[in-house]
Amino acid sequence: METTDGDGYLLQAEDIVKRFGDFTANGSVTLSLRAGEIHALLGENGAGKSTLVKILYGALQPTAGRLRWRGETITVPDPGAARQLGIAMVFQHFSLFDALTVVENIALAVPGPFDLRSLAERVERISAEYGLPLEPTALVADLPVGVRQRIEVVRCLLQEPRLLIMDEPTAVLTPQEAQQLFVTLKRLAEEGRAVLYISHRLEEVRELCHRATILRQGRVVAEVDPGSETAASLARLMVGADVHSVNAETPGPAGPATLTIAGLSLAAVKPFGVSLRDISLEVRSGEVTAVAGVAGNGQAELFEALSGERLAPTPQSIVIAGQPCGTRDITERRRLGAAFVPEERLGHSAVPGFRLSENVLLTRHASGDDLVNTGFINGSRTRALAARVAKRFDVRFSRRDQEAGALSGGNLQKFVVGRELDRNPRVLVINQPTWGVDAGAAALIRQALVDRARDGAAVLVISQDLDEIFQIADRIAVISRGALSDTFPADAIDRERVGMLMAGALETDGTPQQDVWA
Amino acid sequence: MGVRLVLEKRPERSRAMQVASPLLAVALTVLFGSILFAARGFDPLHANYVYFIGPLTTLWSVEELIVKATPLVLIGAGLAICFRADLWNIGAEGQLIAGALAGASIPILAPHWDSALAIPAMLLLGMLGGMAWAAVPALLRNRFGANEILTSLMLVYVAQYLLDWLVRGPWRDPQGFNFPKSIGFNDWHLLTTFGDGRVHLGAVFAVIAVIVLAVFMSRTLLGFEIKVRGEAPRAGGFGGFSQAGTTWLCFGISGALAGLAGICEVAGPVGQLQPTISPGYGFTAIIVAFLGRLNPLGALLGGLVLAICYLGGEAAQVELSISEKTAQVFQGMLLFFILTCDTLIRCRVRLEWATRNPSRQRQFIGLEGGASRTADAGGAAQ
């Protein structure tokens with residue numbers, strides 16, 4: 001299309017206002033993107049990042065304001081129009097079909113007729129060119145999250161976008177995978193494309209991005225050069241106040257092992273699941289023990305085995321507070337003082353369509369809170385408990401006793417973590433405690449985990465976030481393809497070694513192995 | 001200028017719409033029914049009067065309304081619970097027949113057991129019969145993961161043929177001139193009736209069932225388990241609730257109630273076994289459950305509305321000489337509109353006037369065809 005170069009800007013969003021009913025998601029937001037720059041969009045959950053991005057991508061229409069593409073005023077009525085302009089987007093939640101292959105998934109997004117074989121060749125070429133190795137005929141269900149993201153990125157690159165929008169891309173990646181993605185993004189920028197990069201992770205924004213626009217409560221509070229800011233100063237701008245750093249000093253020696261896993265092996269149940277292989281681990285009371293690992297290496301399976309959602313073959317393989325629990329169900333384990341927080345908030349740790357007072361019942365119905373009497377639910381007690389959890393853990397909502405699904409990710413996570421911590425559990429197992437959670441909420445949750453450990457609980461944190469692990473863990477083990485490494489004291493192991501263990505190095509024969517997914 | 005109809009997801013389910021949606025569905029059904037009547041050359045006002053108001057104007061027809069509503073409410077309340085658990089028991093018609101057969105075994109096999117215990121025994125057997133029939137899809141689902149929609153539906157035909165065989169074969173009335181029917185039940189084997197003798201004890205059972213189930217669903221942990229299973233099965237497992245257990249429970253309750261409806265029909269208005277004992281109550285009750293917002297209390301209202309549909313169909317046949325199959329057309333429209341209107345609980349509809357300049361518009365029209373295949377679902381669903 002014929003364009004005039006509008007002051008060198010590729011895309012300008014001017015005074016964008018978006019209201020939903022009487023809620024203002026964006027109140028006069030202005031954002032300018034240059035070709036060849038990686039531009040960060042920073043803000044807490046609910047700051048209006050997603051709304052703004054959806055407007056740029058045509059998924060939402062602004063209430064007021066205008067968009068300029070290379071100086072020319074435009075409307076973007078739908079995502080198809082955005083793609084036609086050259087705007088591509090990788091969403092945080094992928095839209096891939098598990099049962100289809102990589103190239104079939106990509107074919108679904110290619111307008112017009114296509115030929116699978118030549119498309120597969122293009123996919124292979126582009127993915128190799130940009131350092132995003134993909135096997136076109138691999139089944140998506142077989143692939144870990146990091147590789148699925150590559151499919152989304154390659155799918156966008158096939159459209160030769162001028163602007164690539166990425167919504168929290170590294171939330172699901174390991175440091176090595178993230179680094180690989182950064183190389184690709186920098187390369188795209190060098191080619192003169194623009195990247196709009198949404199993230200919570202301030203360190204990577206500082207490393208990667210040329211400029212950063214910071215949103216707070218739907219408004220732009222600053223536009224900065226992230227390289228000359230510190231993570232703390234960026235966090236301050238985002239939150240509008242100082243973010244408390246986590247205090248994880250160890251006061252005394254650790255207690256006995258309250259959660260013990262001994263030689264746990266479990267075959268995968270699902271066709272594409274991971275088998276757990278001879279896992280042994282001791283989690284001592286008074287300490288936070290972390291399991292690091294790339295997504296999809298058995299974390300979910302390990303969590304389900306520990307929680308009792310899936311039973312182990314022998315009682316002795318999982319011991320909680322001295323009681324063999326391998327074959328006991330989740331309710332019995334809770335009664336022994338264990339608490340669990342799974343990774344997925346909506347649909348696993350909480351029922352989205354239920355109010356908080358009902359969600360409290362989900363895990364607390366048999367844990368000695370008298371919420372249920374001879375089969376009947378005590379409504380005033382569940383409401384009181386929900387209110388207590390919300391108050392203690394700073395869960396913010398717009399209406400009292402809201403539906404869980406209406407809460408932001410950070411607030412809901414504070415609630416489900418708080419629901420368990422409120423019991424003062426002896427053993428706490430938590431999978432990805434701050435996945436997709438804003439900085440303020442993440443700091444609160446991490447501090448609460450450390451505090452619980454210092455109060456004498458054995459806390460096991462399964463996490464992909466190495467920053468988080470090194471912030472709070474006393475001991476670190478690494479899971480890779482269903483096998484667990486030895487446990488190391490946190491101050492005796494560095495990121496590089498953890499990263500190698502995550503990549504599956506030092507397995508059986510001791511030689512580093514290739515990335516099997518490449 | 002283009003107008004787009006935009007469906008926007010609401011942050012929370014609209015409570016107003018939960019009430020308004022079934023009313024809106026009924027209104028739309030009447031509206032489209034009127035169009036249908038007009039197209040057939042009837043005065044829509046008069047036709048609607050005959051169909052919907054007429055049945056309420058005489059005592060006789062009000063009693064008949066209760067008779068028709070009784071099995072619909074009983075079954076609909078049970079199905080509401082199944083559907084809440086995301087279990088699709090659509091074989092209530094078969095469970096109704098199984099209950100009728102089990103209960104009728106007493107008057108047919110022991111016609112001289114004249115005792116006050118006979119009726120309670122028949123009711124109990126009826127419930128057990130319905131439960132047993134419903135237990136098959138539950139078992140197949142728990143044991144093999146078989147789809148309960150298919151298994152429960154197919155068992156309807158098995159039950160129908162079993163009934164047919166029995167009334168033509170072993171259970172045929174020896175003095176019945178070879179007509180396919182069982183002996184008529186004597187007074188010890190018939191339900192107490194009220195009024196003109198058509199309304200029977202089943203109506204009382206229906207009201208009790210509705211109240212008990214409403215309390216069960218809203219106040220008990222088991223009811224909570226059922227709702228969790230329907231909304232988020234994984235969360236149910238995390239809560240420590242057994243999937244298989246809820247399946248048994250839901251099929252057990254709905255099967256028992258369908259069986260109870262069945263025995264109440266044959267020990268009530270029908271008074272014997274014959275090849276057809278239900279005008280499709282078990283299927284119509286699916287609409288009852290949805291019209292009642294999958295809430296047992298709602299099933300009471302839903303049952304009355306659908307009972308009017310049955311009576312209206314008969315009245316329309318008599319007064320307007322149109323096929324009583326119109327009742328099925330109305331039922332179909334009603335279910336369609338309910339399911340449509342239920343979208344409004346989760347979403348709101350907005351008209352969007354897209355103002356684009358004409359040259360741009362052409363450009364976008366050009367690409368819409370090609371882009372329509374693309375996977376926008378992920379983006380739009382965000």
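User: Before we dig in, what counts as a salt bridge here?
Analyst: A salt bridge is a side-chain nitrogen of Lys or Arg within 4 Å of a carboxyl oxygen of Asp or Glu. Keep in mind that we are looking at a predicted model.

User: Thanks! How many salt bridges does the structure hold?
Analyst: Over all chains, there are 33 salt bridges.

User: Let's take A:Arg211. Which side chain does A:Arg211 meet in a salt bridge?
Analyst: The partner is A:Glu37, with an N to O distance of 2.8 Å. A:Arg211 sits in strand β9 (residues 211–216) of chain A, while A:Glu37 is in the loop between β2 (23–34) and β3 (38–42) of chain A, so the pair ties together parts that are 174 residues apart in sequence.

User: Nice. Is A:Arg211 buried or exposed? And what about A:Glu37, buried or exposed?
Analyst: A:Arg211 is buried, as its relative accessible area is 13%. A:Glu37 counts as buried too, at 6% relative accessibility. The cut-off for buried is under 20% relative accessible area.

User: What does A:Arg396 form a salt bridge with?
Analyst: With A:Asp394; the closest N and O atoms are 3.0 Å apart. Here A:Arg396 counts as exposed at 55% relative accessibility, and A:Asp394 is partly exposed at 31%.

User: And A:Arg452, what is its salt-bridge partner?
Analyst: That one pairs with A:Asp455, and their closest N and O atoms are 3.9 Å apart. A:Arg452 is buried at 12% relative accessibility, whereas A:Asp455 is exposed at 59%.

User: Changing topic: helix α11 of chain A. How many of its residues are buried?
Analyst: 8 of the 9 residues in α11 (residues 356–364) are buried, so the helix is largely enclosed by the rest of the structure. Among the buried ones are A:Leu356, A:Ser357, A:Val360, A:Leu361 and A:Leu362.

User: What does A:Thr382 touch?
Analyst: Leaving out residues up to four places away in sequence, A:Thr382 touches A:Ser357, A:Val360, A:Leu361, A:Leu371 and A:Ile377. A:Thr382 belongs to helix α12 (residues 379–392) of chain A and counts as buried, with 5% relative accessibility.

User: Let's hop over to chain B. Where does B:Phe224 lie?
Analyst: B:Phe224 is in helix α8 (residues 221–231) of chain B. Its relative accessible area is 3%, which means it is buried.

User: Which residues is B:Phe224 in contact with?
Analyst: Setting aside neighbours within four places in sequence, B:Phe224 contacts A:Phe354, A:Glu358, A:Leu361, A:Leu362 and A:Ile377 from chain A, along with B:Met217 and B:Phe241 from chain B.

User: What does chain B look like overall?
Analyst: Chain B has 15 helices and 4 strands. Its C-alpha atoms fill a box of roughly 90 × 60 × 35 Å along the principal axes. Of its 382 residues, 50% count as buried. If you take contacts in chain B between residues at least 6 apart in sequence, 78% join residues at least 24 apart.

User: How do helices α5 and α10 of chain B cross?
Analyst: The axes of α5 (residues 118–144) and α10 (residues 243–270) in chain B come within 6 Å and cross at roughly 145°. The crossing of α5(B) with α10(B) is right-handed. Their contact has 17 nonpolar, 7 polar and 1 charged residues.

User: Last thing, confidence. What is the mean pLDDT of chain A, and of chain B?
Analyst: Chain A has a mean pLDDT of 87, with 93% of its residues at 70 or more. In chain A, pLDDT is below 50 over residues 1–6 and over residues 507–518. For chain B the mean is 88, and 91% of the residues reach 70 or more. Residues 356–382 of chain B stay under 50, and the model has 40 contacts for that stretch beyond four places in sequence.

User: And what are the ipTM and pTM of the complex?
Analyst: The predictor gives an ipTM of 0.81 and a pTM of 0.77.

How values were computed
Residues are numbered from 1 along each chain as its sequence is written. Chains are lettered from A and ligands numbered from 1 in the order in which they are written. This is a predicted model: local features need pLDDT of at least 70, side-chain atom pairs count only at pLDDT 80 or more; totals for chains, interfaces and linings use all residues. Side-chain values use heavy atoms; hydrogens and water are left out. Axes are lines fitted to C-alpha atoms, for helices over the stretch in contact, and angles run from 0 to 180 degrees between N-to-C directions. Helices (H or I, at least four residues) and strands (E, at least two) are DSSP runs, numbered from the N terminus. A crossing is left-handed if the near helix is turned anticlockwise from the far one by less than a right angle, and right-handed if clockwise. Ala, Val, Leu, Ile, Met, Phe, Trp, Tyr, Cys and Pro count as nonpolar, Asp, Glu, Lys and Arg as charged, and the others, Gly among them, as polar. pLDDT is the predictor's confidence in each residue, from 0 to 100. Contact means heavy atoms within 4.5 Å. Buried means under 20% relative accessible area, exposed over 50%, partly exposed in between (1.4 Å probe, protein chains only).
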